[in-house]
Amino acid sequence: PRAVFMGDSITDNWAKKSPDFFYSNNFVGRGISGQTTTQMLVRFRRDVLDLSPKYVVILAGTNDIALNNGYIALEDVLGNIVSMCEIAKANKIKPVICSVLPCKHYGWRPEVKKPGEEIVKLNAMLQDYAKKNKITYVDYHSAMKDNENGLPKSLAHDGCHPTIEGYKIMEEIVLKALK
C-alpha cells in the first residue's frame, strides 16, 4: 500500500464508512476500536512494517486521554507516538502525525472531564515534535472543532466519531499532506 492508516475506532470506522477513499488511493486502514497508543505500538511491526508502505499515517491518543487503560501522562502518549515514528523512519517509512480530533466528552467515559483541553495540549506536543523532526503534521483539529473544542453534531453524532461528512473533511486534508 501507499499508506497505512494506524489508529483506533476513528480509523477503523473511516475504512468502513469510506472504503472507496482507501481503495482508490492504495491506502490500508489499521484501526482497532478502543486502542491506546501503547497497544498500537505493540502491533506496529505487524500492521505497518510488514506491509512496507511509503507512509504511515498515525492518528492516535484520544483513547489514552479517555483513560481506556487507566491513567497515562501526555508525555508518555507522545513517547509512544515518537516510538512509532522512529521505528517507521528506521524502516524507510515516512511517518505522518495527525492531530487528535476534537472531543468535549467521551460517552463511554463520562468521568473524564474536559478532554478537549487535554487534546489541545497533546496536539501542541505532537505538532512541536513533528516540526522539530521534519515530520508531516496533519491538523484535523483546527478544521473540525467547534467553539468548545468539540466536534459539532454535523461532523460527529456522538461528539467523538466522525460522520461521513467529517471523514470527507479529513480526506481532503490528509490527501494534501501526502502530495
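Analyst: β1 is mostly covered, with five of its five residues buried; strands here are DSSP runs of E of at least two residues, and helices are runs of H or I of at least four, numbered from the N terminus.

Residues are numbered from 1 along each chain as its sequence is written. Because the model is predicted, local features need pLDDT of at least 70 and side-chain atom pairs count only at pLDDT 80 or more, while totals for chains, interfaces and linings use all residues, and side-chain values use heavy atoms, with hydrogens and water left out.

β1 pairs in the parallel sense with β2 (residues 27-31) over five bridges, pairing being assigned if DSSP finds at least two bridges between two strands. Within that pairing, Met 6 stands opposite Arg 30 of β2. β1 also pairs with β3 in the parallel sense, again over five bridges, and there Tyr 55 of β3 is the bridge partner of Ala 3.

The largest nonpolar core has 35 residues, and those with the most contacts inside it are Phe 44, Val 56, Ile 81, Ile 97, Tyr 106 and Leu 126; such a core is a set of buried Ala, Val, Leu, Ile, Met, Phe, Trp, Tyr and Cys residues joined through side-chain atoms within 4.5 Å. At least two residues of this core come from each of β1 (3-7), α3 (37-47), β3 (55-59), α5 (74-90) and α6 (115-132), with α5 giving the most, eight residues. Apart from this core lies another, of 23 residues, among them Phe 21, Val 96, Tyr 140 and Tyr 167.

Leaving aside neighbours within four places in sequence, Leu 126 is in contact, that is, has heavy atoms within 4.5 Å, with Leu 78, Ile 81, Ile 97, Cys 98, Val 100 and Tyr 137.

As for the whole chain, its secondary structure comes to eight helices and five strands, and buried residues make up 52% of its 179 residues.

Technical notes. Buried means under 20% relative accessible area, exposed over 50%, partly exposed in between (1.4 Å probe, protein chains only).
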